[in-house]
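The following note is meant for a colleague who is meeting this structure for the first time. It is set out as numbered points, each of which may be read against the model.

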Amino acid sequence: MEYMTDIKVIDNVLDEEYFFQIQSHILSNNWPWYYMDNISNVEDNNNYGFFNILVNENGVNNIGPLNELIQETAQRVGSDKLIRCRMDMTVNRGDSIKLEPHVDLTIPHTTAIFYVNDVDGNTIIYDQMYGDDSKLTIKQEIQPKANRLIVFDGLHLHTGHTPTTCNQRVLINSNWA
């Protein structure tokens, strides 16, 4: 895989009918969410939230109705080697809290974030890469928008904010070799 220098922001990734179908399924009371004290795997007590692993590093696959989304993401990323895919939900805490900057994996990879709902709680991608201890500077800040996909070099430090305008910020994060 070649090194990615740009951040791709792609709106209306999925067919509208299919998107609304999976959005209503994911945001329903029937979708399983699991609490985690630290969804970013960094030292910070503020990074709690909910998750659902769709594909793990061992290849265990629980994609179900999201298969078309994964296929579309693979095309946009330019890889069919999915390492990991999970859903994340952060919740409204009354204030916008910037979570700790992190990388999902410490090996070369591409990260794709698909937003399930329109919400505040921007994603910040920093200029700095994993292992760079210099002062963080923002490369790009992206507003979560339903049916939007962002794709970037996964070794860029990145983070998100908790939402304040609605109860939940839901996204699907996938990592590709």
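1. Two strands are said to pair if DSSP finds at least two bridges between them. Helices (H or I, at least four residues) and strands (E, at least two) are DSSP runs, numbered from the N terminus. In these terms, Asn 52 has Met 87 in strand E4 as its bridge partner.

2. On the basis of the note: this is a predicted model, in which local features need pLDDT of at least 70 and side-chain atom pairs count only at pLDDT 80 or more, while totals for chains, interfaces and linings use all residues. Residues are numbered from 1 along each chain as its sequence is written, and side-chain values use heavy atoms, with hydrogens and water left out.

3. Strand E3 (residues 49-55) is joined to E4 by 5 bridges, and the two run antiparallel. Strand E2 (residues 34-36) also runs antiparallel to E3, through 3 bridges; here Tyr 34 has Phe 51 as its bridge partner. Because 5 of the 7 residues of E3 are buried, this strand is largely enclosed by the rest of the structure. Buried means under 20% relative accessible area, exposed over 50%, and partly exposed in between (1.4 Å probe, protein chains only).

4. The structure holds 5 aromatic pairs. Rings of Phe, Tyr and Trp (its six-membered ring) pair if their centres lie within 6.5 Å; planes under 30 degrees apart count as stacked, over 60 as edge-to-face and the rest as tilted. Tyr 35 is partly exposed, at a relative accessible area of 46%, and Phe 50 is likewise partly exposed, at 24%. Elsewhere, Phe 19, Phe 20 and Phe 114 make up one aromatic cluster.

5. Which residues touch the most other members of the largest nonpolar core? In this core of 28 residues they are Leu 14, Ile 26, Leu 66, Met 87, Phe 114 and Ile 172. At least two residues each come from H1, E3, H2, E4, E5, E8 and E10. Another core, of 8 residues, lies apart from it and includes Ile 113, Ile 142, Ile 150 and Phe 152. A nonpolar core is a set of buried Ala, Val, Leu, Ile, Met, Phe, Trp, Tyr and Cys residues joined through side-chain atoms within 4.5 Å.

6. Helix H2 (residues 67-77) has as its buried residues Leu 69, Ile 70, Glu 72, Thr 73, Ala 74 and Val 77. Their cover includes helix H1 (16-26), strand E4 (82-91), E5, strand E8 (148-153) and strand E10 (168-176). Just after H2, Gly 78 adopts a positive phi of about 85°.

7. Is Asn 117 buried or exposed? Asn 117 is buried, with a relative accessible area of 7%, although its place is in the loop between strand E5 (110-115) and strand E6 (123-129). Its side chain reaches the backbone oxygen of Gln 168 at 2.7 Å and the backbone nitrogen of Val 170 at 3.0 Å. Beyond its neighbours within four places in sequence, Asn 117 is in contact (heavy atoms within 4.5 Å) with residues including Gln 23, Leu 27, Pro 144 and Cys 166.

Note on methods. Polar contact = N/O pair within 3.5 Å; in protein donor to acceptor, adjacent residues only side chain to side chain.
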